[in-house]
Structure formats: C-alpha cells, structure tokens
Amino acid sequence: MEEVVHARGHEHVAAAHESTFEVTTDDWLTPAGDCIVGVEADRAPADFDDAFVDACRDPAATITLTLDVDGRSHDVHARGHPDLTFDSERSAVVRTSTYVDDRTVAAGADAAATDLDREMVAALADGAALTLTLAVE
C-alpha cells in the first residue's frame with residue numbers, strides 16, 4: 001500500500017535538522033524551517049486512505065519513504081506507531097524518535113533531513129520538484 005505526495009523545493013531548503021524531515025502544503029519557507037524539504041505539497045496526511053493509515057498504526061509495520069528529486073532517489077526506513085492519527089491538513093513529518101503528533105507519518109526513521117543526499121538538497125534549494133512516496137508493509 002502506498003501514498004504519493006508531490007511538492008517542490010524552495011530557496012530556503014537547508015535540510016539541516018537532525019531528527020526530522022517535513023513536507024508542507026504551505027507555499028513559503030523561512031530559514032528557520034531547517035527540517036522542511038518540500039513546500040506546496042498537493043496532499044497532507046488527512047488526505048491519505050484509511051486503509052493506509054490503519055496499516056501504519058501497526059507498530060510492526062515498516063514504512064519506506066522514497067524521496068525523488070531530479071533523477072536522484074533517497075530511501076528512508078521507519079516504523080509504524082499505534083498513536084499515528086494522520087489528522088494534519090498541513091504537513092507530514094518523519095521522525096527518528098518515537099514522538100508522535102498529528103503531523104507525524106512515521107517514527108523511528110533511519111534518517112533525518114541532515115542525512116539526505118546533498119545534491120538532492122541543492123536541487124531542492126533551486127526549486128526542483130519532489131515526489132515523496134510512502135509505502136507500508
């Protein structure tokens with residue numbers, strides 16, 4: 001089962017955060033948003049299919065998040081969590097920790113913004129298109 005989100009980069013994409021990365025429906029980004037890798041997302045967690053959400057609530061679930069930018073791809077592996085709500089209508093956050101709020105779509109990730117391919121980050125800072133695919137098993 002998978003969900004796909006399309007977004008774009010922004011001049012302020014720094015991808016420097018050490019415990020999260022985020023994609024937002026907002027069309028703006030300040031330099032303080034060092035976890036945000038994509039803006040103007042066409043979907044938010046509240047738009048995801050109920051069956052996908054239920055599958056992600058299984059703590060044994062494996063969630064693979066694939067970021068595709070300008071022909072470059074980066075996979076991040078995370079876990080499901082029983083407290084995931086997918087209620088946010090604004091942003092999707094992937095966390096290396098087990099903290100969960102309404103924006104969290106995966107916990108226990110093996111990478112955060114700072115771990116992403118730097119050429120991919122540079123392309124995002126130039127405004128490149130981003131496709132984020134979330135797949136749950």
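Biologist: Is Asp101 buried or exposed?

Modeller: In this predicted model, Asp101 has a relative accessible area of 19%, so it counts as buried, the limit being under 20%.

Biologist: Where in the chain does Asp101 lie?

Modeller: Asp101 lies in the loop that runs between β6 (91–95) and β7 (104–106).

Biologist: And what does the side chain of Asp101 join up with?

Modeller: The side chain of Asp101 makes a polar contact of 3.1 Å with the side chain of Arg95, and a polar atom of the Asp101 side chain also lies 2.9 Å from the backbone nitrogen of Arg103. If residues up to four places away in sequence are not counted, Asp101 touches Thr85 and Arg95.

Biologist: Switching topic, which residues in the largest nonpolar core touch the most other members?

Modeller: That core holds 43 residues, and the ones that touch the most other members are Phe21, Val37, Leu65 and Leu67. Leaving aside neighbours within four places in sequence, Leu67 is in contact with residues including Phe21, Val37, Met120 and Leu132.

Biologist: How many aromatic pairs are there?

Modeller: The count comes to three aromatic pairs. In one of them, the ring centres of Phe48 and Phe52 are 5.8 Å apart and the planes stand at 90 degrees, so the pair is edge-to-face.

Biologist: What about Phe52 and Phe86, how are their rings arranged?

Modeller: Their centres are 6.2 Å apart with the planes at 90 degrees, so this pair is edge-to-face. It links distant parts of the chain, with Phe52 in helix α1 (residues 50–56) and Phe86 in the loop between β5 (72–79) and β6, 34 residues apart.

Biologist: Which residues make up the aromatic cluster?

Modeller: Phe48, Phe52 and Phe86 form one cluster; Phe48 is buried at 4% relative accessible area, and Phe52 and Phe86 are both buried.

Terms used:
Residues are numbered from 1 along each chain as its sequence is written. This is a predicted model: local features need pLDDT of at least 70, side-chain atom pairs count only at pLDDT 80 or more; totals for chains, interfaces and linings use all residues. Side-chain values use heavy atoms; hydrogens and water are left out. Helices (H or I, at least four residues) and strands (E, at least two) are DSSP runs, numbered from the N terminus. Buried means under 20% relative accessible area, exposed over 50%, partly exposed in between (1.4 Å probe, protein chains only). A polar contact is a pair of N or O atoms within 3.5 Å; within protein, one must be able to donate a hydrogen and the other to accept it, and residues adjacent in sequence count only if both atoms are side-chain atoms. Contact means heavy atoms within 4.5 Å. A nonpolar core is a set of buried Ala, Val, Leu, Ile, Met, Phe, Trp, Tyr and Cys residues joined through side-chain atoms within 4.5 Å. Rings of Phe, Tyr and Trp (its six-membered ring) pair if their centres lie within 6.5 Å; planes under 30 degrees apart count as stacked, over 60 as edge-to-face and the rest as tilted.
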